[in-house]
Each structure stands twice: as C-alpha cells, then as structure tokens.
Amino acid sequence: VRLAGEGVQVEPAEVRYALAPRGWKIAVARASLAADRSHGVVSIQGGGASRRVEVRRGIDLAQSVWRRAYTPRSRGIQAAMAAPDLDDSDWLAFRPTALWEERDYAWCRVRFHVPEAWRGLPVHLLVGAIDDNDVTYLNGEQIGRTQGWDVPRRYLLPERLLRYGAENVLTIMVENV
C-alpha cells in the first residue's frame, strides 16, 4: 500500500504485507499537517484500488466522555438545556457512537478546549450520522440545525463564541423520530 500526502506529511510512505484470499489487514500511518494548514489529503493506493482521505486539524470529541439527559417532547425544545453553566453532573455518561431508542429529546453534551494557537483560524464541527435530527449549540448559542439521519453535519464554530485556551461546551439536542 502506497501513501502520499497533499498538504500533509505521511509516514510511512509504504506499508508492505501479504493478504490471504478474501482477507484483510489494518495498515497504520501517521498524517501530520503543517503548522499553517488546517487540512490536507492522504492518497492511498494498493492492490489496484485507490482512495483519497481528507485530514483535518481538530479535536476528536468521540474520544471524550459525553453526558446525556432526556426531556419530554411535549415540553418542546428547551434551549436552557444547552446553557454552558447548567449542572450536568447527574446526566448519564456515554461515548459516541451510542445507540438508543428513546423518543424524548436527548440532550448530549461534551466539554473541550480549543488551543489558543487556533485563534483566527476557521474551526468546524464535523459530525457523522445523527438519527434523526439535531439542534446544535456552542456555549449556549445555537450554531446549527439539520434534519435527516443520513445527512452529515458540518457547522462553522463562530469565533465570537469560542473560548480559546478555556473550556467550551458543545450541546447537541437529538430528536429520534
């Protein structure tokens, strides 16, 4: 498998291994963005196939502990549940990609830090599948809303809302219809 980077350094540039028929193996590589780049592309070729994978500078929030609480749909969407100073210590801890069948609104929160060095750079929230709809808040203010379980979410985090070098609170209200 050969690896090459556009705007990103990839190590190793080649991974050698033999596969049994219908077998598979995991190849591990490290992609490093230059300090002045926010994204790049890794090209992967091997066995007659090729792929391009986008690499973005970011924080993997899936590795963080999230908290979740439910509110009844009959009460409507309560934006106060996204307040950054709301005590969520008794909310259920979980890690994405958790599944649940609850039909009430699920309020999912995570706390994270944005490096001071990122000030002035665009910072996006990239989220894969949410089943079904979401309303997303950063530090208590709505930054996005999407309907559809198969629609990727990509929200620009407004610089005026980001707390660089300090704690930020991301809250995603999930509506499972």
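Biologist: Which residues does L170 touch, leaving out those up to four places away in sequence?

Modeller: This is a predicted model. In it, L170 touches L61, W66, C108, R109, V110, F112, L125, T136 and Y137, once residues up to four places away in sequence are set aside.

Biologist: How do I read a group like that?

Modeller: Nonpolar side chains in soluble globular proteins tend to be buried together. Here, the largest nonpolar core has 24 residues, and W66 and L170 are those with the most contacts inside it. Two or more residues each come from β8 (105-113), β9 (124-127) and β13 (167-175). β8 gives the largest share, four residues.

Biologist: What lies apart from that core?

Modeller: Another core, of nine residues, including M81, W107, V135 and M173.

Biologist: Back to R109, on the list for L170. Is R109 buried or exposed?

Modeller: The cut-off for buried is under 20% relative accessible area. R109 has 1% relative accessibility, so it counts as buried. R109 lies in strand β8, and a polar atom of its side chain is 3.0 Å from the backbone oxygen of A83.

Biologist: And zooming out, how many helices and strands are there?

Modeller: Zero helices and 13 strands. Of the 177 residues, 35% are buried. Now take contacts between residues at least 6 apart in sequence: 66% of them join residues at least 24 apart. The C-alpha atoms fill a box of roughly 55 × 40 × 25 Å along the principal axes.

Terms used:
Residues are numbered from 1 along each chain as its sequence is written. This is a predicted model: local features need pLDDT of at least 70, side-chain atom pairs count only at pLDDT 80 or more; totals for chains, interfaces and linings use all residues. Side-chain values use heavy atoms; hydrogens and water are left out. A nonpolar core is a set of buried Ala, Val, Leu, Ile, Met, Phe, Trp, Tyr and Cys residues joined through side-chain atoms within 4.5 Å. Buried means under 20% relative accessible area, exposed over 50%, partly exposed in between (1.4 Å probe, protein chains only). Contact means heavy atoms within 4.5 Å. A polar contact is a pair of N or O atoms within 3.5 Å; within protein, one must be able to donate a hydrogen and the other to accept it, and residues adjacent in sequence count only if both atoms are side-chain atoms.
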